[in-house]
Every structure is written in C-alpha cells, then in structure tokens.
Amino acid sequence: MSRLPVALAALVTIGLGLGVRMLWDGPVPKYAGDALYTVLIYLLVLLALPRVRPWAAALVSAGLSWAIEFAQLTGIPAMLRPLLGSTFNPPDLLWYAIGAALAWAGHTWAYRSRPAG
C-alpha cells in the first residue's frame, strides 16, 4: 500500500480526534478518541511496514494500545501523560479493540477495492 494515502489517513484521523473533542462532551469524545488513537497507531504501523497484512497491523495496534493502557497502572512520566494518558480505565480496552477492528476492516476494504495491476 502506498504511503501517501496512509499518511493522509493519519492526518484525517488526528483531525477527527481533535474535532470530536471540540464538538462533544462526556463519554462520546473519550471513547471515540480511544478508538481513533488505535486507528492512528494502525496507520503508523502501515507507514513503517507498508506490506503488513491487515490482521497483523490490527493485532499490533491493539496490542500497543493495550500495553500503553496497562502501563498506566505503573505510572506514566508527567511529560508523556498528554500523549499516553495517566489513569487506567478498563472500558478503554474495548474501544482500542473496536478501533483496531475498524482499521482492519477499512484496510481490507481498501486493499480489495484497488485496481488490479
């Protein structure tokens, strides 16, 4: 998969995450942000490894998201908290899995829809 569309998708994902936070309050932006965080990790995996299979990118992105969430149990350094969070929240694990599944589905669809050749 070409890196340019993946980079653009990453920028759109960041924009969506910021937009959701600006437009809504409560659990909607929090959990949408969790899912989008994992989608962004998925896209970063694709940028680093363009030939990775969708299922593998989904496992890596969900695994990294879960690892970061569990790391919050041990304490995240203050300067990394804006990026990695600071409080373990079990429902986040579900939303990371949802984000990975959505990214996997989108990647699979894009892979199958591309023209032959």
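Start by selecting Leu8: with 47% relative accessibility it counts as partly exposed, a label for values between buried (under 20% relative accessible area) and exposed (over 50%), using a 1.4 Å probe and protein chains only. Keep in mind that this is a predicted model, where local features need pLDDT of at least 70, side-chain atom pairs count only at pLDDT 80 or more, and totals for chains, interfaces and linings use all residues. Residues are numbered from 1 along each chain as its sequence is written, and side-chain values use heavy atoms, leaving out hydrogens and water.

Leu8 sits in helix α1, residues 3-23; helices here are DSSP runs (H or I, at least four residues), numbered from the N terminus.

Next, select Lys30 and Asp34. Their side chains form a salt bridge at 3.2 Å, N to O; the term asks for a side-chain nitrogen of Lys or Arg within 4 Å of a carboxyl oxygen of Asp or Glu. Both residues lie in helix α2 (residues 27-48), four residues apart, about one turn of the helix. Asp34 is buried at 8% relative accessibility, while Lys30 is partly exposed at 25%.

Asp92 is buried, with a relative accessible area of 3%. Through shared partners, salt bridges join Lys30, Asp34 and Asp92 into one network. In total, the count is two salt bridges.

Conventions. Helix = DSSP H or I, 4+ residues; strand = E, 2+ residues; numbered from the N terminus.
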